[in-house]
Amino acid sequence: MKTKVDWPSFMARHDMTWSVKPISWDEGAFIGNGVIGAMIYSEEHRDKRNVLRFVLGCTDVTAHKPGGGFPPRVPVGELHLELVGWYYQPSSIRVDLWNAEMRADITTTVGTVKVRAFVHSQDKVLAVELETSEGEKDASMEWYAYSEVDQVLKNADGSNLNQYIPQADVTRQAKEDGLTVGVQRFQHDGGCTTARLEEQADEGANLRRLWLSIGNGFSDQTQQKTETNVREAATQSWAAWVEAHRSWWHDYYRQSFVSIPDTMLEGFYWVQMYKLASATRSDAMIMDNQGPWLTTTPWAGVWFNMNVQMSYSPVYTSGRLELGESLVRAFRDNMEQLIRNVPEQYREDSAGLGRSMSYDLVGPVGAEVGNLTWVCHNLWRHYRHAMDTPMLKELLFPLLKRSVQYYLHLLEEGDDGKWHLPPMISPEYGSFLQLAVPDTHYDLALLRWGCQTLLRICSILGLEDPGRARWEETLAQLTPLPVDETGFMVGGGQPLEFGHRHFSHLMAVFPLHLVSGDAPEERELIMHSLRHWLSREGDLRGFTFTGAASIAAAVGEGDEALKYLKTLMHLLKPNTMYKEAGPVLESPLAGAEAIHDMLLQSWGEEIRVFPAVPSEWKEAVFHDLRAEGAFVISATRSEGATAWIRVKSLAGQPCRIKTDMIGDIRLSASSEVQLRPLGGGIYELELPQGEEAVLYNANHTAARSWEIEPVPAESHLCGYFGGRKPWRLYGLPMH
């Protein structure tokens, strides 16, 4: 197999670009390393037209509210490039995805400034490099605590009455070596420390560099650590430090590869891969609703009725499992709190998770019960894609047992002899009415998946758990998912009557895949439910269409999945961010997962290769995507047909491949590998751990050389995302 990807060139065609300066968070250039981030944009007000803002964020900085409630994320301040002249046009800004840095060529009324900025991939430091013309030699970089940011800029960002902004006492201290420290002490509890150092570069009189770090808290220890971050970065060789930053990102991108003939969606996909690693790392906090790019929002916390689960969804198939470790670690570290989240009488054997909270996972369970079980589904996916047995045994099994057991305490036997769930909230359906209905699809599906998975884990680990009989009995006695003439219902006696942005009433289809659609009657039920859902137009949002795309893909409807994804594109901000009164990262990230679902699915017992490719995608390629069972899959589709599939086993698990290849299907393997056709396009491979094999169509021209190379790009769609470019949105070619 040959990999013919010129990574710098390929990624460059998807760089976010601005030819008109960004003037809001919605169209800003963003950089981050999972802890520190910056959203970069300007302002049109004449009093601030000389300012390029770096609105800073630090994911672990929270503050306690005087009236109670969970400690929310709070603003930490801004770094301003204060120009001598007005920031004028023309302007050029580029987020270089391959190197994970922002570069800008700024024209002002008195000169020019070149700006380069990145948050280092391995160090907790933001770096900014300035090169100025003579007229802009007095341009300066100034730090402001949020409380000191000019009201003109705050007004431009808007405000939300539900957002808590603490009053802060700000002090500054200049050190002998030129480093300055700004300390914020929040009114009731918490604070943060910002250290920065600016120096003249040796390479030129008009070249300057600034290093900045942010620490959570204001203790002497925090201040010392934050100062050390800056000093250690500034004393390194600049070239070597930059290379270390870039090397991490280059290795990260190469973990897998996707190329499709829709260049806009291909670019969207790669921006999301950039966004993922900018928003979290293995040792970072859980991805919350906004990542490191906090702005005006009512959602300055962690939401578990969909947001976190969908934000992490593209981690698994893309093979970027180390990013999922932040979710794994948070639940491993907070098991005792998850137990305290359920009523006291259930704590001996149960655990749960409410809807919204801070990183400490203090979220008592109310009438929305299934959120922890859904997180367990993410953890199960993590296990299945990595085959990490210690994580399965030490974290997932005990946590899922407790999550399911809480449901079992609530089950009631009905007059029909079946077990039923009491009234609960199906996420987002009638949320403002606190509408609770019995036997919600959401909870029945999660409980059924939980019992099935516990039994499967017992088989995997060879356990004879005392709960086995109860899980088996629950599966036998649990009432079926409610269905009426409209399809799947929200719950018992509650059809889907009005607009519903959440797919909580379709969980059995996606993401749980309890209902596969393989049988004709199941497929008809799924499609009828899907189309009825979208006919209720009152409350459809970004994640509505990502869920719809993944559901359509699950039953092989690639053309329909593509329509839903293209609808999502109209709801995104120009920089691919998404808002509902405030930032919510999950919708664009779940859009990347929907693309995965069109290319590769591995739920159930089969690995489905190109299961839902739209008819207009005659060419498509992916390399080293992950499938359940810890398989690494590569495949090429050419001339409207699959040419070959490469499978590598990392764990020696049973392997079944489902493909649309027909004709003279052959196998090439590095060792003796048995291939058994099972019918229906399904092939079974006995592939030992560490071995790989290629299944190929001997009659397909592309099967003669197993090469990974990008699909040709549509030139007018390269660099599609960034600032507001109506000429690109509406199709004017830009060559």
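**Entry 1: a residue to begin with**

Which residues is F304 in contact with, leaving aside its neighbours within four places in sequence? I looked them up and found I286, Q309, F331, L353, G354, R355, M357, L361, N371 and V375. I count a contact when heavy atoms lie within 4.5 Å.

A note before going on: this is a predicted model, where local features need pLDDT of at least 70, side-chain atom pairs count only at pLDDT 80 or more, and totals for chains, interfaces and linings use all residues. Residues are numbered from 1 along each chain as its sequence is written, and side-chain values use heavy atoms, with hydrogens and water left out.

Back to F304: I found this residue in the loop between β17 (302-303) and α6 (307-311). Helices (H or I, at least four residues) and strands (E, at least two) are DSSP runs numbered from the N terminus. F304 has a relative accessible area of 0%, so I wrote it down as buried. My cut-offs are under 20% relative accessible area for buried, over 50% for exposed, and partly exposed in between, with a 1.4 Å probe and protein chains only. I also checked F304 against A713, which is 409 residues away along the chain; their C-alpha atoms are separated by 38 Å.

**Entry 2: the whole chain**

I stepped back and counted 18 helices and 35 strands in the protein chain. Its radius of gyration is 26 Å, close to the 27 Å from the globule rule for 735 residues, so the chain is as compact as a globular protein of that length. That radius is taken over C-alpha atoms, and the rule is 2.2 Å times the number of residues to the power 0.38. Along the principal axes, the C-alpha atoms fill a box of roughly 80 × 65 × 45 Å.

How many of the 735 residues count as buried? The share is 62%. I then looked at contacts between residues at least 6 apart in sequence, and 66% of them join residues at least 24 apart. The chain exposes about 27000 Å², with carbon and sulfur atoms supplying 47% of that area. Those areas come from the Shrake-Rupley method with a 1.4 Å probe.

**Entry 3: the cores**

Next I looked for nonpolar cores, meaning sets of buried Ala, Val, Leu, Ile, Met, Phe, Trp, Tyr and Cys residues joined through side-chain atoms within 4.5 Å. The largest has 222 residues, and F54 and F331 have the most contacts inside it. Helix α11 (residues 389-410) gives this core its largest share, 12 residues. There is also a second, separate core of 15 residues, which includes V125, V183, A195 and A233.

With 4% relative accessibility, S403 counts as buried. Beyond neighbours within four places in sequence, S403 is in contact with A351, L372 and T373.

I opened α13 (residues 468-477) to find T474. T474 counts as buried, at 0% relative accessibility. Its side chain reaches the backbone oxygen of R470 at 2.7 Å. Outside four places in sequence, T474 is in contact with L408, L411, W419, L447 and C451.

Helix α14 (residues 520-535) has 16 residues and reaches 22 Å from its first C-alpha to its last, close to the 22 Å expected. The expected span is 1.5 Å times one less than the number of residues. Which residues of α14 are buried? I noted I526, M527, S529, L530, H532, W533 and L534. The buried residues pack against β24 (487-488), α15 (542-554) and α16 (558-571). An α-helix has 3.6 residues a turn, so residues three or four places apart point the same way.

Most residues other than glycine have a negative phi, and most peptide bonds are trans. I found a cis peptide bond from F510 to P511, with omega near 10°. P511 lies in the loop between β24 and α14.

Is A581 buried or exposed? A581 is exposed, with a relative accessible area of 56%. I found A581 in the loop between α16 and α17 (586-599), and its phi is positive, near 70°. F610 also has a positive phi, near 50°. F610 sits in the loop between β26 (607-609) and β27 (620-627) and is buried, with a relative accessible area of 5%.

Terms used. A polar contact is a pair of N or O atoms within 3.5 Å; within protein, one must be able to donate a hydrogen and the other to accept it, and residues adjacent in sequence count only if both atoms are side-chain atoms.
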